[in-house]
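I opened a new structure today and kept short notes. Here is the model I worked from.

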Amino acid sequence: MMERVPIVEMKGIVKVYPDGTKALKGVDLVVYQGEILGLLGENGAGKTTLMKILFGMLQPTAGKIFVKGKEVRFKSPSDAIAHGIGMVHQHFTLVEVFDALHNIILGMEGHGLLSKIDVERARRKIERLMEELNFRVPLDVPVEELPVGVQQRVEILKMLYRDVEVLILDEPTAVLTPIEVRELFRVLRQLKARGKTIIFISHKLNEVMEITDRVTVIRKGKVVGTVRTSEATPQLLARMMVGRDVVLRIEKPPKEPGKPILRVEKLRVIGDRGEVAVKDLSFEVRAGEIFGIAGVEGNGQTELIEAISGLRKVEGGKVYLNEKDITGKGPKELYDMGMAHIPEDRTHMGLILDMTVTENSILGLHWRPKFQRFKGVINWARAREHAQHLIEQFDISAPGTEAPVKSLSGGNQQKLIVAREVSKEPVFIIAAQPTRGVDVASTEYIRNYLVKLRNEDKAVLLVSADLDEVVQLSDRMGVMYEGEFMGVVKPEEVTTEEIGMMMGGIRYEEIRK
């Protein structure tokens, strides 16, 4: 058996930010030539920070990096690329008005204006790469007109064009349909077969189990351990990520749904750029039901939720809550009528980070008589009692009720939002990206709580970019593409491939023909 050769070694990497935050606490990492290494950990564990240091975007506070046995110091990403290390970020770094070809070669073809001969030589090299990998991109189309999955291909080609030997992929499947994920994995296996090394950053256990050779788990800025994927299980990896056993399945007993609680009729909503973001959409969510909406982000989900929750103007159609027309009503009125909203962005829409746990716990409730001593004056003693009750009921880890919410971890911030919203005693709950960026333990808790609400005859509208989450939790699901449902189905009656086809714009009736 050939001896494995380390291509990258990171030793004792420490990263302390100016505000004192210690993101990495002495991390050691070894990456071997020609392997796919999974870098697993929850959001905030330090995975991306570590890889940004390897890619020259951040400078380590302490520690050393070796590439092919030689110590290196990267002052910028161009230094890293010169040593054969490339990175594709979770949020793409493309110039939207440029076509794919010019995005790929940007910064590579000398100085000043690109000469025709350089561009043509570059085109030939890129076409050869695409041919070898069977990895197609329309080179002359502006990036802004390309689907997200194709934009990601542009990012990968940009790195391969630079002849990198180590390719870092940061949460590469976050914006892909199941079919696009399968295609990406095919290409990664091909790159590995050609001797390339892949570092695959993720928090999705099933994907790490499928594509990697080894997995290094990071928790709270430290390496917990490295295991061969063939010797690992999802349960083992989850335990390494969280520090305790985690139940990865959701117990959802069969339940007969009741009457419609939310009814949407031919809803039409305009997006921020003046486009029709939601196109005459009709559906209903019944008591005792979780209705999930799946789809690649940016297909009208945000605008739909904002229209239903009173945050965005309705251009056409009607929304009914318990058969009352709520079209165009504001959030306060909707709260009073029995709606609650777990927003998709906890830091900008769900919480006021500089306020205390107590203050955040009563947002949207503060005008209710229970929390007022007399009109306009809050009863803080009662508010603190309420906050303490939520902390205990939802197992929120917080220094105390008067601690600023920004001192809580992402998972505990999210649990506080869920706790506050359900404490409004709603009949209908919108849960938008309810577990985004939270640890496995908090994800488990929140998902099981949504099922508990469903079991208590609440109506839950779940919108999530995590397809596994939608499939596991939903009784029925609508698959959204460009503001329309390609189908409304029961998750257990369709395959992942069929869901992926709907996410890509093919209607269910066409698939089942």
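**Notebook: charges, patches and a helix**

I began with Lys25, which is partly exposed at a relative accessible area of 35%. My cut-offs were under 20% for buried, over 50% for exposed and partly exposed in between (1.4 Å probe, protein chains only). The model is predicted, so I noted that local features need pLDDT of at least 70, that side-chain atom pairs count only at pLDDT 80 or more, and that totals for chains, interfaces and linings use all residues. Residues are numbered from 1 along each chain as its sequence is written, and side-chain values use heavy atoms, with hydrogens and water left out.

Lys25 sits in strand β2 (residues 22-32). I took helices (H or I, at least four residues) and strands (E, at least two) as DSSP runs, numbered from the N terminus.

**Patches**

Patch members have over 30% relative accessible area and no salt bridge; like charges are joined within 9 Å, and nonpolar side chains (Val, Leu, Ile, Met, Phe, Trp, Tyr) within 5 Å.

Lys220 lies in the loop between β9 (214-219) and β10 (222-228). Lys220 is exposed, at 65%. Its phi is positive, about 50°, although Lys220 is not a glycine. I kept in mind that most residues other than glycine have a negative phi.

I then looked up a nonpolar surface patch: Val95, Val97, Phe98 and Leu106, with about 320 Å² of accessible area together. Areas come from the Shrake-Rupley method with a 1.4 Å probe. Val97 is in the loop between β6 (85-88) and α3 (100-105), and counts as exposed at 60% relative accessibility.

**Salt bridges**

How many salt bridges does the structure hold? I noted 35, each a side-chain nitrogen of Lys or Arg within 4 Å of a carboxyl oxygen of Asp or Glu.

Glu132 and Arg194 meet in one (2.7 Å, N to O). Glu132 is in helix α4 (residues 116-133) and Arg194 in the loop between α6 and β8 (197-202), 62 residues apart.

Arg447 pairs with Asp466, with the closest N and O atoms 3.3 Å apart. Arg447 lies in helix α15 (residues 440-455) and Asp466 in the loop between β20 (459-463) and α16 (467-473), so the pair ties together parts 19 residues apart in sequence. Are these two buried or exposed? Both Arg447 and Asp466 are buried.

**Helix α6**

I checked the buried residues of α6, among them Val181, Leu184 and Leu188. Just after α6, Gly195 takes a positive phi of about 95°.
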